[in-house]
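Hi there,

Here is the structure I promised to send over. Have a look at it, and then read on for what turned up.

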Amino acid sequence: MTYPLEPPIEPMLAKLRDGIPEGIEWRYEPKWDGFRALVFKDGNDIFIQSRKLRPLNRYFPELEPQLIKSLPKRCVIDGEIVIAGPKGLDFEALLLRIHPAKSRVDMLAAEIPAHFVAFDVLAEGKDILMQARLDDRRKRLEKCVDQESKTLLTPHTSDVAEARRWFDQFEGAGLDGVVAKLFDQHYLPGERVMAKIKHLRTADCIVGGFRMAKTGDGVGSLLLGLYRDETLHYVGHTSSFKAAERRDLLKQFEPMRDKESFGMGRTPGGPSRWANEAQTAWVSMEPTLVCEVNFDHLQGERFRHAARFLRWRPDKAPKDCTFEQLEPPKPFSLEKIRAL
């Protein structure tokens, strides 16, 4: 069998912006927190491609029958694979799927099934649509997705006030924020021509240690912690410092280094298949300094990505830096999103 377009195709990407852009030329959609995926379909033949151009079928076997039922006979659809848990989208549940054992993948697929959220169409039938305007592709996409199926069609609006409401309300469902697209934008594989506006939350964290810079003459990153029941747990790191600041921090930390910090709780960890001992070595510090950082996502009880340093908080007591400040917003279900 042959698909309307042959994989691999790089997905079109987005560039981070500070605020939601305004104007009649913009269209808005929620930003889903899942695995980006392109679906290539010819009859009952389905190929699911990751953002990194790798096949995903074996990790999400429950999606194939969903996509066969919900999409046109021949098409290429861009979207996101998500898993919805009781507190909203569950990125950790997605990560558990990337497992070598088929029996485990099948078990997880049955217990916590994934969904595919469609937000663009590259081809349908004999028509290649990558040179069509976004508005025209959206109309075509709305005809492509069977809304009675488990596949979701992402909400879409030209109303910036509606986009702001989504940005505020959908955070409780675990969504990333909002994506803004130009109404006449062609589909450009691999190019950052869309805009993404992400939720950024702040937290006051204790500095429980540091890693040295590669140059060896300063602090490379601060190791951040929060308290639970009098025990300090590692939650992530921040490294947004200039060379001179790195050297100054090393001098400032000298009286506090090699003191107990994360020893009783979760620690920064050691060598792994991706990093050697030199890269993961860290120096513990007396947990007396507090800094404010912003972050986008939690993965369990840790920051998924590096946090961004905002400022020192000498007015904040370390014991007041607890996990309570990371409590997520009230859940907002996928059923409510589907009903929009």
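Cys 205 counts as buried, with a relative accessibility of 0%. Please keep in mind that this is a predicted model. Cys 75 is buried too, and its relative accessible area is 0%.

Where do these cysteines stand when it comes to disulfides? A disulfide is a covalent bond between the sulfur atoms of two cysteines. A search of the whole structure finds 0 disulfides. Cys 205 is in no disulfide, and the nearest cysteine sulfur, in Cys 291, lies 6.1 Å away. For Cys 75, the closest cysteine sulfur belongs to Cys 144; the distance is 6.1 Å, so the two are too far apart for a bond. The cut-off used here is 2.5 Å between the sulfur atoms.

Now to the strands. There is an open sheet of 4 strands with mixed pairing, in the order β1-β12-β11-β2. Which strands stand at the edges? They are β1 (13–16) and β2 (26–31); each has a single partner strand, so one side of each is left without a neighbour in the sheet. From one strand to the next, the twist averages 35 degrees.

If you follow β1 to its partner, you will find that 4 bridges join it to β12 (residues 192–198), and that the two run parallel. In this region, Leu 16 stands opposite Lys 196 of β12.

Finally, look for helix α5 (residues 160–169), which lies across β2, β11 (177–182) and β12. Helix α5 runs at about 15 degrees to β2.

Enjoy exploring it!

Best wishes

Terms used. Residues are numbered from 1 along each chain as its sequence is written. This is a predicted model: local features need pLDDT of at least 70, side-chain atom pairs count only at pLDDT 80 or more; totals for chains, interfaces and linings use all residues. Side-chain values use heavy atoms; hydrogens and water are left out. Buried means under 20% relative accessible area, exposed over 50%, partly exposed in between (1.4 Å probe, protein chains only). Two strands pair if DSSP finds at least two bridges between them. Axes are lines fitted to C-alpha atoms, for helices over the stretch in contact, and angles run from 0 to 180 degrees between N-to-C directions. Contact means heavy atoms within 4.5 Å.
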